[in-house]
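Here is a quick walk through one protein model, written for someone who would rather look than calculate. Have the sequence and the structure open side by side as you read.

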Amino acid sequence: LERFFKDRLFGKRVTVGISHGDFSLSNIFVQCGQTTGAIDCDDSYLTGLPIMNAISYLCSRQGWRNGNFSSTVLNLATKQWPY
């Protein structure tokens with residue numbers, strides 16, 4: 001995985017901004033099919049990598065389905081998520 005990400009990300013520009021820190025299904029409020037809020041911002045910071053919020057969310061969703069983090073990472077890397 002290190003090689004996979006290094007080959008695709010080395011030298012790329014990334015956006016820095018608000019990062020939740022541990023964004024997951026358990027931190028999102030949804031009502032009538034709409035996201036209404038997020039909680040547990042203890043680990044958030046203003047100069048993080050917002051893309052990590054998306055990755056954390058996807059991993060929590062996949063982990064909730066099958067409880068296997070390693071398969072989640074492999075599925076994301078091979079564009080097989082969600083399966």
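## Val30 and its neighbours

Leaving out residues up to four places away in sequence, Val30 touches Thr35 and Thr36 (a contact means heavy atoms within 4.5 Å). Val30 sits in strand 2, residues 28-31; helices (H or I, at least four residues) and strands (E, at least two) are DSSP runs, numbered from the N terminus. With a relative accessible area of 55%, Val30 is exposed. For that label, buried means under 20% relative accessible area, exposed over 50%, and partly exposed in between (1.4 Å probe, protein chains only).

A word on ground rules: this is a predicted model, where local features need pLDDT of at least 70 and side-chain atom pairs count only at pLDDT 80 or more, while totals for chains, interfaces and linings use all residues. Residues are numbered from 1 along each chain as its sequence is written, and side-chain values use heavy atoms, with hydrogens and water left out.

## The hairpin

Strand 2 pairs with strand 3 (residues 34-38) in the antiparallel sense, over four bridges; to pair, two strands need at least two bridges found by DSSP. Across from Phe29 you'll find Gly37 in strand 3. The two strands make a hairpin with two residues between them, and Cys32 in the turn has a positive phi of about 55°.

## Cysteines

Cys32 counts as exposed, at 79% relative accessibility, and Cys41 as partly exposed, at 42%.

## A greasy patch

On the surface, Val14, Val16, Leu49, Ile51, Met52 and Ile55 form a nonpolar patch, with about 530 Å² of accessible area together. Patch members have over 30% relative accessible area and no salt bridge; like charges are joined within 9 Å, nonpolar side chains (Val, Leu, Ile, Met, Phe, Trp, Tyr) within 5 Å. A salt bridge here is a side-chain nitrogen of Lys or Arg within 4 Å of a carboxyl oxygen of Asp or Glu.

One of the members, Leu49, lies in the loop between strand 4 (45-48) and helix 2 (51-66). Leu49 is partly exposed, at 36% relative accessible area.

## The whole protein

There are three helices and four strands, running α-β-β-β-β-α-α from the N terminus on. Of the 83 residues, 20% count as buried. The protein exposes about 6,500 Å², with carbon and sulfur atoms supplying 58% of it (Shrake-Rupley method, 1.4 Å probe; for residues, only the protein chains shown count as cover).
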